Amino acid sequence: MKLDWLSATFSGLMVGAISIISSVSFAALVFAGPLSTHLDYGLDVALITAVVTGLFIAFGSSCQIAISLPQDRTAPILAIMVAAITAAAPSDASSEQVLLSIVAVIIATSLITGIFLLGLGLARAGGMMRFIPYAVLGGFFAGTGWLLVIGGLRVMSGLELATLDSALQLVEPDVLLRWLPGLLLAIAILTASRFIASGIAFFTILFAALGAFFLITLNNGETLETLGNSGWLLGPFDDQGDLEDLWGLPQLPTVEHWAGVFDQWPNIGTVVVISATSIMLTVSALEMLTHRDIDINHELRVSGLANLAAGLGGGMVGFHSLSISDLALKLGSRHRATGVIAALTAAVALFFGTELIGYIPRIVVGGLLLFIGFSFLGKWLFGSWGKLPHGEFLVIPLILFTIAVVGFIEGLVLGLLAALIQFVLKYSRTTVIRYALSGKEARSAVERNMDDDHFLAAQGARMLVLKLQGYLFFGTTAQLSSRVKARLADSSQTALHYVVL
């Protein structure tokens with residue numbers, strides 16, 4: 001394919017700019033609350049991910065337009081892990097010691113995810129993820145949307161929102177002013193996306209919001225310094241370390257509180273499964289967008305290597321982004337150079353633009369998180385109504401409610417249990433015997449002489465042929481056994497000697 005450098009450069013720069021803002025929003029989601037003092041570190045972690053996974057996917061993917069960045073589907077779970085480690089840290093632990101434990105769990109999650117994805121790809125077992133029920137996937141992603149919405153409100157309001165009392169503070173006038181503009185921004189992007197291409201709407205409204213914020217605040221006499229000190233901007237950042245301190249593996253021997261890291265293995269497992277499933281769903285969607293077949297196992301191998309490299313550099317989980325890849329396609333991209341330029345744009349921000357990122361308003365970052373969260377909820381909760389049987393659909397709000405009230409792992413377990421119960425109930429009501437014939441009716445296609453035909457006709461009643469369908473397990477096996485026993489006990493027919501399944 002001939003490379004149009006002008007188109008590739010333009011689309012790469014535009015996609016890179018949005019990738020940077022998306023990466024910043026996920027960093028703000030993970031490093032929120034007590035960890036906001038380390039947000040500068042979180043920004044570097046997210047940008048490292050955008051650069052490393054972006055280059056691996058751009059060069060290695062079989063899809064020309066594939067763009068990678070830190071993932072909206074796994075960032076909320078990473079935020080849960082980080083919050084849990086922070087809460088479980090000893091009271092005498094310093095801020096730096098807590099940060100080292102967080103570094104350890106971020107690296108561990110990326111490396112384990114990379115190993116799993118690479119193993120799936122090498123074993124050519126990518127199709128295995130298709131056995132996860134659609135309703136369970138819908139519940140997980142709807143729950144992820146809820147966590148993104150809560151995360152967006154936390155970023156903008158500065159509240160933890162862990163209790164009902166803190167949630168009620170959102171309606172106080174001073175706090176309301178902090179997050180309501182972000183909500184309006186998310187609604188504007190969602191509304192505009194219904195009439196024009198979502199990527200273009202996202203790009204236009206997001207940058208218009210940036211301009212409007214500074215135009216209004218600066219005209220009201222505010223300065224960048226006062227806006228930052230009053231919490232309207234992500235910055236200013238404390239000078240707590242340089243980029244060379246981020247290469248996380250050398251830091252691991254200094255981690256003192258490994259217990260909190262090891263306690264996160266269920267959440268790490270959830271990230272692993274969601275990553276593999278998300279890649280499968282994204283690749284399927286990219287096939288429809290590009291009208292070309294994509295090898296899922298190849299994409300898993302490339303994603304595995306990308307996350308291994310990101311983990312070694314202290315980065316978080318990242319892989320193909322459907323929305324950003326779709327934006328690249330709408331901007332006219334037809335070559336992998338777009339992904340390379342987008343990753344290099346993130347690299348420029350990583351090495352030279354961290355201070356500028358501190359001037360991004362929190363309402364823009366929070367509004368972006370709300371937009372992504374509402375998109376998840378709209379697609380997987382409301383969009384699934386009418387597409388699934390009612391019983392299967394109810395699994396989605398059940399998982400969502402459990403995640404919102406109890407926790408993500410509990411929602412995962414409950415959703416799988418509900419899907420299993422539905423499967424058992426469905427097949428217990430479905431007969432596994434498609435039809436039953438005696439040897440008189442069920443004859444082979446072999447041509448026989450007349451004497452053999454007469455013999456088979458006379459002896460055919462001694463044979464029962466059962467054509468089966470569906471799955472054999474527990475209750476359905478008992479159903480099959482009961483049918484054979486009933487035939488054996490039927491004294492009005494010739495004694496049964498043979499059963500053919």
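Buried means under 20% relative accessible area, exposed over 50%, and partly exposed in between, using a 1.4 Å probe and protein chains only. By that rule, Phe213 is buried, with a relative accessible area of 8%. Please keep in mind that this is a predicted model, in which local features need pLDDT of at least 70, side-chain atom pairs count only at pLDDT 80 or more, and totals for chains, interfaces and linings use all residues. Residues are numbered from 1 along each chain as its sequence is written, and side-chain values use heavy atoms, with hydrogens and water left out.

**Nonpolar cores**

- A nonpolar core is a set of buried Ala, Val, Leu, Ile, Met, Phe, Trp, Tyr and Cys residues joined through side-chain atoms within 4.5 Å.
- The largest such core holds 133 residues, and Phe31, Leu234 and Ile357 touch the most other members.
- A second, separate core has seven residues, including Val432, Ile433, Leu464 and Val484.
- Contact means heavy atoms within 4.5 Å; leaving aside neighbours within four places in sequence, Leu234 is in contact with Val24, Ala28, Leu39, Ile357, Gly358, Ile360, Arg362 and Val365.

**Aromatic pairs**

- Rings of Phe, Tyr and Trp (its six-membered ring) pair if their centres lie within 6.5 Å; planes under 30 degrees apart count as stacked, over 60 as edge-to-face and the rest as tilted.
- You will find eight aromatic pairs in the structure.
- One of them, Phe141 with Phe376, is stacked, at 6.2 Å centre to centre and 20° between the planes.
- This pair links distant parts of the chain, 235 residues apart: Phe141 lies in helix α5 (residues 134-157) and Phe376 in helix α16 (residues 362-382).
- Helices here are DSSP runs (H or I, at least four residues), numbered from the N terminus.
- Phe141 counts as buried because its relative accessibility is 1%, and Phe376 does so at 7%.
- The pair of Phe213 and Phe214 is edge-to-face, because the ring centres are 5.2 Å apart and the planes stand at 80°.
- Tyr134, Phe141, Phe376 and Trp380 form one aromatic cluster.

**Charges over rings**

- A charge sits over a ring if NZ of Lys or CZ of Arg is within 6 Å of the ring centre and within 35 degrees of the ring normal.
- Arg73 places its charged end over the ring of Phe141, 4.8 Å from the centre.
- Arg178 has its charged end over the ring of Trp232, 4.4 Å from the centre.

**A buried serine**

- Ser275 belongs to helix α11 (residues 265-290) and is buried, with a relative accessible area of 0%.
- Leaving aside neighbours within four places in sequence, Ser275 is in contact with Thr74, Thr113, Leu117, Val317 and Phe319.

Definitions and conventions:
Helix = DSSP H or I, 4+ residues; strand = E, 2+ residues; numbered from the N terminus.
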